[in-house]
Amino acid sequence: QMPQISYASTAPELSDRGRYEFFSRVVPPDSYQAQAMVALVRALGWKYVSTLASEGSYGESGVDAFLQSSREAGGLCIAQSIKIPREPRAGAYAQVVQRLMETSTARGVVIFAHEDDIRSVPSMDQYRPV
């Protein structure tokens, strides 16, 4: 029964007052971010996108929330969902980009990933669509 305030915890399950009665945060849960991403994708007129997530709670639950919000909103199709392994091996990030390029007709990539993962993904400019 010790109050806790977090500046970075975004996991939606922390909103469960029955389970986390003394928890509060100063940032919104991932589900709000996912709803905003769906609104942004729709505002851009994209109907076909891929998703990319860091393996683990943040990335996977973020993409799950995005998929749920996109189903509720309708009109969006997911080309593919790719996970970045928790401990990627050499070449894993290049493989991610190659896989994303397999669906070259996707208009964009919605990403829920840790900063280090994003920095490590090479630019797609150097790849040609498969």
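**Entry 1: helix 2.** I checked the length of helix 2 (residues 57-73): at 1.5 Å a residue its 17 residues should span 24 Å, and the end C-alpha atoms are 24 Å apart, which agrees. The expected span is 1.5 Å times one less than the number of residues. Helices (H or I, at least four residues) and strands (E, at least two) are DSSP runs numbered from the N terminus.

I noted that this is a predicted model, in which local features need pLDDT of at least 70, side-chain atom pairs count only at pLDDT 80 or more, and totals for chains, interfaces and linings use all residues. Residues are numbered from 1 along each chain as its sequence is written, and side-chain values use heavy atoms, with hydrogens and water left out.

Entry 2: After helix 2 comes Gly 74, with a positive phi near 75°.

Entry 3: I found an open sheet of three strands in the order 4-3-5, with parallel pairing; two strands pair if DSSP finds at least two bridges between them. Strand 4 and strand 5 are the edge strands, each pairing on one side only. Strand 3 and strand 5 share five bridges in the parallel sense. Helix 2 packs on the sheet, touching strand 3, strand 4 and strand 5, and its direction makes about 155° with that of strand 3. Axes are lines fitted to C-alpha atoms, for helices over the stretch in contact, and angles run from 0 to 180 degrees between N-to-C directions.

Technical notes: Contact = heavy atoms within 4.5 Å.
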